[in-house]
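Open the model in your viewer and keep the selection tool at hand. The tour below goes from one selection to the next.

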Amino acid sequence: MKTNMEVPFLNLNKQYLVIKSEIDAAIHTVLDSSNYIKGNQVKEFEDAFAEYVQAKYCIGVGNGTDALSVSLIAYGIKPGDEVITVPNTFIATVEAIVAIGATPVLADINPRTYSLDPDTIASLITEKTKAIIPVHLYGIPCDMETIRKVADKHHLKVIYDAAQAHGALYNGKSIAQYGDATTYSFYPGKNLGAYGDGGAIVTNDAELADRIRMLADHGRKEKYLHEMFGYNSRLDTLQAAVLKIKLQHLDKWNARRKEIAALYKKELDGVLQVTIPEAPAYADPVWHLFVIRTPDRDNLQVYLKGNGIQTGIHYPVPIPLQPVGQGLKHNCDINTLTEIGNSILSIPMCPEMTDEMVCYVAENIKDYFA
Ligand SMILES: *Cc1c(COP(=O)(O)O)cnc(C)c1O
């Protein structure tokens, strides 16, 4: 008889309690300064994060969706322009394109890696196509060198959505070294999460960094000198202070995610009804999510819930089949996308899980199929 356990999908409270003294002190420093916008901690975090992802510039913004929109605008992408992205991402990736009046076009994915299939881009390119936004979904890096070749051939900018991939490597190097710009979200549940909303853009392009910084702060460089109409999308001081502390723990947390992924793989190896995620040789993933696949997904999810195990589905309905996705141009294999949406299951994954919890989840999956 196995003992019953509660396995939450995420445990942000457990994480907070471990770093409570550092976080509380950092928050109090901000409270004492009362510099809630543009306090020193913002620049300190931006510098630390740029160094962490090995990029020259980092600009903090209000959230990961804005990070994409502002990057597109900074590249001069305007209404009528087309931007290619993927059909199986969180809606924000597509929303960011629509938000600036540009037109999203959805290219197909590789059904094994779940990321953009670079071979499918060319057939979608028109004279209006200006950029590609591939997504490092689940924390697994895309096929970045192939994407770069296609983009260069067609003179397209590549903006990577790394909202799920803080710290991921491609061929041993930070993913931020490959895109024209790379965007991050610090939504609380991400690998590096704030205590509210937050986001950032990193780039090695000095001019782009300059424009993004202006755009995200009312189009200004000086307090009342506005060079363009921009936005109000800033990373606030409290969030930056929290992120600066949490960044110091990120490698340790990502390493724990990798251990958990390895343990899941070991425990679930040989369960015929379950496909475990495999990372391509070039990818060193940070396992934002651990997504298995099984044709009996809905029943398995109910069974796990009954045994105290929380799971999620990222994402159940591909964007071309969403109410908002109906008219979008795409070249996706809808049957395959539907099959993926119906068979994927994100099982608990967070650095706070114990080995016992991981084994308990695997045990329950095995019992279900036994
Ligand atoms: C979380 C997420 C976003 C949006 O980030 P927000 O900070 O919530 O705006 C964008 N793309 C992907 C792939 C995400 O997972």
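**A three-strand sheet**

Begin with the open sheet of three strands, ordered β7-β6-β12 with antiparallel pairing. β7 (173-174) and β12 (283-284) each have a single partner strand and stand at the edges, so one side of each has no neighbour in the sheet. The model is a predicted one. Now select residues 169-170, which are strand β6; two bridges join β6 to β12, and the two run antiparallel. Show tyrosine 170 as well: its bridge partner in β12 is alanine 283.

**Asparagine 191**

Next, select asparagine 191, in the loop between β8 (181-185) and β9 (199-203). Is asparagine 191 buried or exposed? Asparagine 191 has 4% relative accessibility and therefore counts as buried. Display its side chain, which reaches the backbone oxygen of valine 286 at 3.0 Å. The side chain of asparagine 191 also makes a polar contact, at 2.9 Å, with the side chain of histidine 288. Other residues that asparagine 191 touches include Gln164, His166, Leu250 and Trp253.

**Strand β2 and its partners**

Move to strand β2 (residues 82-85), where Glu82 and Ile84 point one way, Val83 and Thr85 point the other way, and all are buried. Between β2 and β3 the chain passes through helix α4 (residues 92-99), a β-α-β crossover that is right-handed. End on glutamate 82, which stands opposite threonine 103 in β3 and opposite threonine 129 in β4.

Key
Residues are numbered from 1 along each chain as its sequence is written. This is a predicted model: local features need pLDDT of at least 70, side-chain atom pairs count only at pLDDT 80 or more; totals for chains, interfaces and linings use all residues. Side-chain values use heavy atoms; hydrogens and water are left out. Two strands pair if DSSP finds at least two bridges between them. Helices (H or I, at least four residues) and strands (E, at least two) are DSSP runs, numbered from the N terminus. Buried means under 20% relative accessible area, exposed over 50%, partly exposed in between (1.4 Å probe, protein chains only). A polar contact is a pair of N or O atoms within 3.5 Å; within protein, one must be able to donate a hydrogen and the other to accept it, and residues adjacent in sequence count only if both atoms are side-chain atoms. Contact means heavy atoms within 4.5 Å. A crossover is right-handed if, with the strands pointing away from the viewer, the path from the first strand over the helix to the second runs clockwise. Lists of a residue's contacts leave out its neighbours within four places in sequence.
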